[in-house]
Every structure is written in C-alpha cells, then in structure tokens.
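Colleague: I am new to this structure. Could you take me through it, question by question?

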Amino acid sequence: MKKQTIHHQPFWRSIRKVKFDRFVLAIIGMILLGRFFPQVGIYRGPINLDIISDIGVSLIFLFYGMRLSPQKLRSDLGNWHLHLVVQLATFIVFPLIVLVAMHLLSTPATQLLWLGAFFMAALPSTVSSSVVMVSIAKGNIPAAIFNASISALVGVFITPVWMGLVLTSGNGQMSDLSGVIVKLIVQVLVPVAVGMLLNRRWGDWATRHGRQLKLFDQSIILMIVYMSFSESFSQNLFAQLAWMDLLTLAFGLVVLFYVVYGLISIVSKALGFNREDRITALFCGSKKSLVHGTVMSSIIFSGMGNLGIILLPIMVYHAMQLVLVSFIAQRMSEEVE
C-alpha cells in the first residue's frame, strides 16, 4: 500500500504546482457575468469598456516591452535550429493540422467553433508560462524567453494573414487585412517598441513589479472576455451549440496538443538537440497565448457578435495546456534530480 502511495506522489505534487486555478475560475466568472448581466458589456456610450480595453491592451504591451532586453535577444540569435523548430510548430504545423480537421469535420452548427479552433492554432506561443515551465523542467531558459518573445511579435503579422486566408462571408468576414495589421502594429508592436526603448531606464522597475503587472494583464483579459460573452449571450448565439460539441472540442484540443508535442519531440531528436533545447522546443512550440488571443480577436473580428464562441477554444486550450505541461515539466525535473 505504501508503494502505491509513493507511485502516485509525483502526479499529485505536479497537480498542486499548477498555478492556473484562480485565473481560470475568474474567466468562468466573467462568462457567467456575461450570461446573466450583459448590459455593461454591450454598452457603447461615450465611456465604455471598449475604450478602456483598448488603452489597457496598449499598456500590456508597453510593460511587456519594458521587460524585453534588446541585448539579450541579440545574444540568443545563434541557436537558429531551435528557433526555427519552435516557430514552424507554432505558425505552420498547428494551423495546418486544424485546417485539415476543420475541412473534414466542420458542420454548419459547429462552424464558428471550428473557426475559433483555427484562430487558436494560428496564435503565437505564450510567454510567461512557457518560460516558467521550461525553468521547472530545467530547460534552456534564455532560448525560451527568445522564442516566446519573437513568437509574440511575429504573430502580429502571421495570425491575421492565416485568418484572412480562411475567413469567408459564410462564417463571418474579417475586417480588411491591411487595416487589421495596421491596427495590430499600432496597438501591439508600437507599444512593445516604445517599451524596449525604455528598458534600460525602466526595465528593472518592470521586472520588480512583475506580479502587479501580471494582475493588470489578467484584468484586461477578463474585461475582454466579459465583453465578448456579453455580446454573444445577448444575441443568443450559444443556443446552436450542444454539450457534445463542447466535449468534442475539449477532447480534440487534447489530441492536438499531443500530436504537436509528439512531432516536435521526433524532430528535436532527429536534429540532435540536447536535453535543454529539446525541453524548450517542446514547451514553447506546443503552447498558445490567451493574452494574444483575446487582444487579436477584438481587432480581427471587430464588430462580430459571436466573439464569445470564437474565444472558447483558446480558453479551453489555455487551461488544458497549463495542466498537461505542468505535469510533464515536473516529471522532467525529477529525471535530473
């Protein structure tokens, strides 16, 4: 009996280390708030949540840029094999797999849900949790910071291009592609660039206040989630989705994670990556950013009332990737102890 308890101990220790519960609960709370009290979320008067969220998004990326050191990014350019694997997995492998599945399995009732799944697949990798998980697993932390940061910047261009290729009038037309990219540049890249210029003077401050800035980031994300679901619930758009559709979505996202994770593992071994680089490739290449998902969705799908449904896949994947990658990272860290 004692042996059985010891055998399961690493699993429960891994689960206890997952730091996602409060934020995921807060997201669920915003969804419920949008369901029962949508009035504030759909209000578009002189002062509304749209304006506040736009300002908040720009501040998120300004503070993000402050924590990015241009010197450190330049010093990590040499390991290009690793960077290429991560970026190709993030922006090519993910979208292609979902694109094939979407064409084979999509139905009129689940069309928006599949659109959201493809949007999730075209998003950049997440920054903070990728670095944290690589650190736990004892991987290449500088390379993780580099790849997650570059992914966030490259995604400003690649994500809208993917969506422009896929979206048609049948499932909701995207705004003009050039206009979307310009707005993303103004709202995302420009604040990041300004933040990087301020890195030398304010970088230490931004790093010291990382916890408070993370809470600010999450508050803006929760606001966008509330607005999106308020709009969708007010138009009764969720009536077309069955519980089986949602369960199928969750199962499909787990399968997607393991398919991409397995492909990255095979390629990393074929290229002869050492243990640290392989961990970084696996964790950075298999994750998706909820921050960029909420920000980009409000720009790419501007004016669409079905944004809540489109955001569902990235929110489900966000929670799922934290559980799975946290468990894997903990197991990997114990291999070298």
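Colleague: What percentage of the 337 residues in the protein chain is buried?

Modeller: This is a predicted model: local features need pLDDT of at least 70, side-chain atom pairs count only at pLDDT 80 or more, and totals for chains, interfaces and linings use all residues. Residues are numbered from 1 along each chain as its sequence is written, and side-chain values use heavy atoms, with hydrogens and water left out. Buried means under 20% relative accessible area, exposed over 50%, and partly exposed in between, with a 1.4 Å probe and protein chains only. Of the 337 residues in the protein chain, the buried share is 51%.

Colleague: How many helices and strands does the protein chain have?

Modeller: Both are DSSP runs, numbered from the N terminus: helices are H or I, at least four residues, and strands are E, at least two. The count is 16 helices and 0 strands.

Colleague: Which residues touch the most other members of the largest nonpolar core?

Modeller: A nonpolar core is a set of buried Ala, Val, Leu, Ile, Met, Phe, Trp, Tyr and Cys residues joined through side-chain atoms within 4.5 Å. The largest one holds 92 residues. Helix 16 (residues 307-335) gives the largest share of this core, 15 residues. The members that touch the most others are Phe283, Phe301 and Met315.

Colleague: What does Phe301 contact beyond its neighbours within four places in sequence?

Modeller: Contact means heavy atoms within 4.5 Å. With those neighbours left aside, the partners of Phe301 are Leu115, Phe119, Met163, Leu167, Met296, Leu307 and Ile310.

Colleague: Is His318 buried or exposed?

Modeller: His318 sits in helix 16. Leaving aside neighbours within four places in sequence, His318 contacts Phe23 and Leu290. Its relative accessible area is 12%, so His318 is buried.

Colleague: Which residue is 7.7 Å from Leu189, C-alpha to C-alpha?

Modeller: Leu189 belongs to helix 10 (residues 177-197). Leu189 counts as buried because its relative accessibility is 18%. Not counting residues up to four places away in sequence, Leu189 touches Leu153, Val156, Phe157 and Leu184. The residue 33 places away in sequence and 7.7 Å away in space is Val156.

Colleague: How much of residues 177-199 is helix?

Modeller: UniProt, in an unreviewed entry, lists 177-199 among its "transmembrane region" features. Its positions are given in the numbering used here, feature names are shortened, and annotations may be inferred rather than shown by experiment. In the model, the end C-alpha atoms of 177-199 are 31 Å apart. Strand is 0% there, and helix is 96%.

Colleague: Where is Lys138?

Modeller: Lys138 has phi near 65 degrees, a positive value in a residue other than glycine. At 38% relative accessibility, Lys138 counts as partly exposed. Its place is the loop between helix 8 (128-136) and helix 9 (141-166).

Colleague: Which helix gives the most to the lining of the second largest pocket?

Modeller: On a 1 Å grid over the protein atoms alone, a pocket is an open set of points where a 1.4 Å probe fits, with protein on both sides within 12 Å along at least five of seven lines; lining residues have an atom within 4 Å of a point. Of the 18 lining residues here, the closest to the centre are Leu105, Trp114, Thr248, Leu249 and Gly252. Helix 6 (80-105), helix 7 (111-121) and helix 13 (243-270) each give two or more residues to the lining. The most, 9 residues, come from helix 13.
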